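These are my notebook entries on one protein chain. I record here what I looked up and what I found.

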Amino acid sequence: MMSIIIITLLMNLLIETSESFSVVVPGDQIVAHVGSTVILPCWISPPENAEALEIRWYRHDQFSNPILFYKHGKIQDLQEESFRNRSSLTPRSDLSGGLKDGDVSLRLEKLRIQDEGSFNCYVSGDSAYDSGEMVLKIYDLSDTSNPWKALFFTLLICALLGLVGLILYKYRHKLTAEKKPADQSVGGVGEINIEELRKHAVQITIDQHYVSPDLIVSKDRKTMKESDKYNHTGEGFPLKLCAFGAQKFTSGRHYWEVSLAREDKSPKDYWIIGVTKYENFSSRVRSAVTPSDGFWFLCSDGPKGFHTNTDPPVKLSLTPRPERLGVLLDYDDGQLSFYNVKERKHLLTMSSRFTGSVIAPLFNPGVDDQSPIKILDCPKPVESPVESSQPLLGNSSEVPPTNPESRQNETQSLHRMKSVEGKRKPV
């Protein structure tokens, strides 16, 4: 009898452990102003479908009078009156899968000064629950009666203007820097020197130990596409179809190119190209794939266009669609740049900090495309005749080249020396 009780307790413990999760919210306060719209991020970890869970957003000590109450797959009528028609469940970014990926973020519209304060995000299931608290700070831009507030906004505006000036200065410096020709086209200005970029070329292959089982990878580990058996039924881009480069970097500059179009075929509409931290290899790629989570990439999402994975994302209009994409990782300067190799154009530069992390290439061929992603071997840059004729190390036995006039002077001096030697008497 005792053994049966022990086994039952262990089974219950295992069930509770397998269904446990934690609620994650930002550590810093969120700042907004009166009349604007704000999203209070909240998600569960590890990611799971939250459509069947109970979600309750409430103010401090107002659990029974929630801002928003979601249960049985829909939002209930139980709600604090001041937030009615102003609150909803909204994904925290375009890359989030929403409730299906455990994103339970709250959207508040038409903010009032009375909305300022703490907000609690509570999520519960059959055998597990957790909550997180965050602070919303709201400023009234029209209130100038408080001199300290007016001073604060004056200083804030000055700081923003100074930041914009610094960015413009660095931008101009990158355009004119001679030591970094690969960065001269920051912002898409002018053509790029592909040969200069290829001086930093590295050979990239797919890491066969860390690749999605729904991908088909060639024997040389250079080409990848989705499996014919893979059926993408979810919403948004299929982030799980990721492959990682076998080469890993902790310093220096590294450049590689990928082909996004087969011969006589239009370029791919769906793909992700970028880099990621090595520690992300063993974990399942989830909805949180921003730079703060160790991912940096450019995404082509079919009719939705091109965008970065930053939060918020930066959308781009790239015409023509890239057929051959170049990637430059500048680890030490914290920059990831993308280039249209065929058009010899710079597309985008993302700035971040890689220090202390092991960085590797990231690939995702997407779905609904006939063309695969193919990692290319960059041709060696062609050296100019002057550069190739110069020795890497000097040789003391070599005679430096001279012009015809100097040769004539040397010959005349040699004749005079012989004449003097002939007139000397032997000792």
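This is a predicted model: local features need pLDDT of at least 70, side-chain atom pairs count only at pLDDT 80 or more; totals for chains, interfaces and linings use all residues.

**Entry 1: Asp-115.** I then looked up its place and found Asp-115 in the loop between strand E9 (106-108) and strand E10 (117-124). Which residues does Asp-115 touch, not counting residues up to four places away in sequence? I listed Arg-59, Phe-83, Arg-86, Lys-110, Leu-136 and Ile-138.

**Entry 2: Asp-77.** Next I turned to another aspartate, Asp-77, which sits in the loop between strand E7 (74-75) and strand E8 (87-89). Is Asp-77 buried or exposed? I found a relative accessible area of 61%; exposed requires over 50%, so Asp-77 is exposed. I also noted a polar contact of 3.2 Å between the side chains of Asp-77 and Arg-84.

Entry 3: I looked up strand E5 (residues 54-59) and found it joined to strand E6 (residues 68-71) by three bridges, with the two strands antiparallel. In this pair, Trp-57 has Leu-68 of E6 as its bridge partner. E6 is also joined to E7, by two bridges and again antiparallel. Here I found Tyr-70 opposite Ile-75 of E7. The hairpin of E6 and E7 has two residues between the strands, and in this hairpin His-72 takes a positive phi near 60°.

**Entry 4: the sheet of seven strands.** I then traced an open sheet with antiparallel pairing, whose seven strands follow the order E12-E15-E24-E17-E18-E19-E20. Which strands are the edge strands? I recorded strand E12 (206-211) and strand E20 (315-316), each of which pairs on one side only. Within the order, I examined strand E18 (residues 295-301) and strand E19 (residues 306-308), which run antiparallel and are joined by three bridges. Leu-298 has Thr-308 in E19 as its bridge partner.

**Entry 5: the whole chain.** Finally, I looked up totals. The chain has five helices and 25 strands. It has 427 residues, of which 40% count as buried. Among contacts with a separation of 6 or more, 65% are between residues 24 or more positions apart.

Terms used. Residues are numbered from 1 along each chain as its sequence is written. Side-chain values use heavy atoms; hydrogens and water are left out. Helices (H or I, at least four residues) and strands (E, at least two) are DSSP runs, numbered from the N terminus. Buried means under 20% relative accessible area, exposed over 50%, partly exposed in between (1.4 Å probe, protein chains only). A polar contact is a pair of N or O atoms within 3.5 Å; within protein, one must be able to donate a hydrogen and the other to accept it, and residues adjacent in sequence count only if both atoms are side-chain atoms. Contact means heavy atoms within 4.5 Å. Two strands pair if DSSP finds at least two bridges between them.
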